[in-house]
Amino acid sequence: TDGRGRTPFLTACHHGHWDCAEQLLEAGSNIFAVDRDGNGCLHLAAVHAHTEVVTQLLSKAEAEAVTLRLTNIINLSGFTPLHYAAHAGSAEITRQLLATGVDQLQGTIANYDRWLVVLQGTTALHVAAMSHQSGVCIMLLQHYALQLREW
């Protein structure tokens, strides 16, 4: 691992290099690896809106029946990949994560991490609003409204 506790696989996801990430997975890299801050591959891809990486990771997770385990990794500050997708303003990544059944009401447990300074209990909707991502705000609200109808 490097100084941040990232494996080469995590580094490839962080920089949006799916070709490298895929080869590293095929060579035995752990898809559930996390760095020193508890960020997994989806956190690192979502924070920089690397849509192809997220799409491929979710496809791989679905094929191995581990989608919810992968999408629900919470880092040491309580941030999920959905928080970072909202921060990045990626409607496509947000849509993909919501489709997996992630908990969009998951609140943070700390006030800051490497990329964001927030109040404890901040949800992905809070992050989208604070990051001026109106399209993602609307998507999160619509998804929540649909869930309420189903309940």
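Visitor: What makes the approach of the threonine 67 side chain to the backbone nitrogen of glutamate 62 a polar contact?

Guide: In this predicted model, the side chain of threonine 67 reaches that nitrogen at 3.2 Å. A polar contact is a pair of N or O atoms within 3.5 Å; within protein, one must be able to donate a hydrogen and the other to accept it, and residues adjacent in sequence count only if both atoms are side-chain atoms. The value of 3.2 Å therefore meets the limit of 3.5 Å.

Visitor: Why is threonine 67 called buried?

Guide: Buried means under 20% relative accessible area, exposed over 50% and partly exposed in between, with a 1.4 Å probe and protein chains only. Threonine 67 has a relative accessible area of 17%, so it is buried.

Visitor: Which residues does threonine 67 contact, apart from its neighbours within four places in sequence?

Guide: Threonine 67 is in contact (heavy atoms within 4.5 Å) with Leu58, Ala61, Glu62 and Thr100.

Visitor: How do you know that the length of H4 is close to the expected one?

Guide: Helices are DSSP runs of H or I with at least four residues, numbered from the N terminus. The expected span is 1.5 Å times one less than the number of residues. H4 has 13 residues and reaches 18 Å from its first C-alpha to its last, close to the expected 18 Å.

Visitor: Why are the buried residues of H4 said to lie on the same side?

Guide: Val53, Val54, Leu57, Leu58 and Ala61 are buried in H4. They cover an arc of only 125° around the axis, which puts them on the same side of H4; the arc is that of the directions from the helix axis to the C-beta atoms. On the other side of H4, Glu62 and Ala63 are exposed. The buried residues pack against H1, H2, H3, H5 and H7.

Visitor: What makes the buried residues of H9 line one face?

Guide: In H9, the buried residues are Val136, Cys137, Leu140 and His143. They fall within an arc of 135° seen down the axis, so they line one face of the helix. The face turned away carries the exposed residues Ser134, Gln142 and Arg149. Helices H6, H7 and H8 are the packing partners of the buried residues of H9.

Visitor: On what basis are these values given?

Guide: The model is predicted: local features need pLDDT of at least 70, side-chain atom pairs count only at pLDDT 80 or more, and totals for chains, interfaces and linings use all residues. Residues are numbered from 1 along each chain as its sequence is written, and side-chain values use heavy atoms, with hydrogens and water left out.

Notes:
Helix = DSSP H or I, 4+ residues; strand = E, 2+ residues; numbered from the N terminus.
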